[in-house]
Amino acid sequence: MSNLFCIKDRVIIITGGCGVLGTCMANHLASEGAKVVILDRNAKLGTELVQSLTEKGYDALFLETDVLNKEILEQNKQNIMQKYGRIDVLINAAGGNMPGATIAPDKTIFDLQIDAFKKVVDLNLFGTVLPTMVFAEPMVNTKKGCIINISSESALRPLTRVAGYGAAKAAVTNFTKYMAGELATKFGPGLRVNAMAPGFFITEQNRDLLLNPDGSHTDRSKTILAHTPFGRFGEPEELLGTLQWLASDASAFVTGVVVPIDGGFDSFSI
C-alpha cells in the first residue's frame, strides 16, 4: 500500500513563509520531497531561507509578494506555473497583529484604534482571501488541490486583549468552511479547504507579550498555561503532523474542518 501521507513532488505554496512557523513548515515540507514556494514580503529572509533549502538539495523557490495586492499575486502565480506547471497546495500563513488593535488591561473598547483594527483584519482576512482567489484557479483547472488556512485559538474562543486579531481569525475560520463547500460543490471533490488553529506558540510577534526580558513567563503566560492541560507552550514542529496530514491524500475525505493544535486549551475550563 502506498504511503497516504506522501507529499513528494507536490508544489506547495506558503504565504508568510519567512515567519517562525512558516520557516518551520517550509523546512519540513521540503525535507519530505515537496517543491516549496515561499511567498513573503521580506526578500532578504526569503532569499536566505531558499538558499539554505537548496544547499540541502531541496527544491525551493522564493518570490517576493504582497498578500493584499492581487496584481502581484497574479504575477507570482505566473512565475510558479512557468517553473512547475501546477499548484497542489496553498498554505495561507501570512498574518499578524499590531498594538493598536489590542486592548491592554488598563484600557477599554473605547481606546481601540479602528485604523489598526482594519489593518489587522485586512492582513489576516483579505491576506487569506486574495491568495485563495489567485492560487485556487490552477487547482480548479486540474480538479485537484488543497488549501490550508492558518486560523487561531482566538478564533475559537474570544481571548482578552486581541480584539482585532480574534475577529479577523474568526472570519478566516468562517471563510474556510465557506470555501470548502464552494469549491467542492462547484468544481469537484478533489478540492479541499481546511484550517489549522494553533494554540500558543512563542513567535517574534508575541515574544514580548509572553516572555520577560530574562526569559521568565509574564503574567499573561502564566494565565495561558494555567488553562492549558499540557502546561506548556507549543513547539513549531508540533504543527507539522497535522500540516502533512491535511496536505496529503491521508485527508482525502476531509474538508471544512478547523483543527486545534493547542495542548488542550480549547477543551479545558476549570
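The following legends describe close-up views of a predicted model.

Local features are given only where pLDDT is at least 70 and side-chain atom pairs only at pLDDT 80 or more, whereas totals for chains, interfaces and linings use all residues of this predicted model. Residues are numbered from 1 along each chain as its sequence is written, and side-chain values use heavy atoms, with hydrogens and water left out.

**View 1. Thr 15 in strand β1.** Thr 15 belongs to strand β1, residues 11-15; helices (H or I, at least four residues) and strands (E, at least two) are DSSP runs numbered from the N terminus. The relative accessible area of Thr 15 is 0%, so the residue is buried (buried means under 20% relative accessible area, exposed over 50%, and partly exposed in between, with a 1.4 Å probe and protein chains only). Its side chain reaches the backbone nitrogen of Ala 93 at 3.1 Å, a polar contact being a pair of N or O atoms within 3.5 Å; within protein, one must be able to donate a hydrogen and the other to accept it, and residues adjacent in sequence count only if both atoms are side-chain atoms. Neighbours within four places in sequence aside, the contacts of Thr 15 include Leu 39, Val 67, Leu 90 and Pro 131, where contact means heavy atoms within 4.5 Å.

**View 2. Nonpolar cores.** A nonpolar core is a set of buried Ala, Val, Leu, Ile, Met, Phe, Trp, Tyr and Cys residues joined through side-chain atoms within 4.5 Å. The largest one has 32 residues, and Leu 29, Ile 38 and Ile 91 have the most contacts inside it. Helix α1 (residues 20-31) supplies the largest share of this core, six residues. A second, separate core of 29 residues includes Ile 80, Val 140, Ala 168 and Met 179. Beyond four places in sequence, Ile 38 is in contact with residues including Ile 14, Ala 26, Leu 49, Val 50, Leu 53 and Phe 62.

View 3. At the start of α2, a side-chain oxygen of Asn 42 comes within 3.2 Å of the backbone nitrogen of Lys 44. Just after the helix, Gly 57 adopts a positive phi of about 90°.

**View 4. An aromatic pair.** The structure holds one aromatic pair. Phe 200 and Phe 265 are arranged edge-to-face, at 5.0 Å centre to centre and with 65° between the planes; rings of Phe, Tyr and Trp (its six-membered ring) pair if their centres lie within 6.5 Å, and planes under 30 degrees apart count as stacked, over 60 as edge-to-face and the rest as tilted. Phe 200 lies in the loop between β6 (191-198) and α7 (207-210) and Phe 265 in the segment after β7 (258-261), so the pair ties together parts that are 65 residues apart in sequence. Phe 200 is buried at a relative accessible area of 17%, and Phe 265 is buried at 8%.

**View 5. Asn 194 in strand β6.** Asn 194 is located in strand β6 and is buried, with a relative accessible area of 1%. The side chain of Asn 194 reaches the backbone nitrogen of Gly 256 at 2.9 Å. Leaving aside neighbours within four places in sequence, residues in contact with Asn 194 include Ile 147, Asn 149, Thr 176, Leu 246 and Val 257.

View 6. Most residues other than glycine have a negative phi. Asp 9, although not a glycine, has a positive phi of about 70°; this residue lies in the segment before β1 and is partly exposed at 34% relative accessibility. Arg 161, also not a glycine, has a positive phi of about 80°. Arg 161 is placed in the loop between α5 and α6 (163-187) and is partly exposed at 28% relative accessibility.
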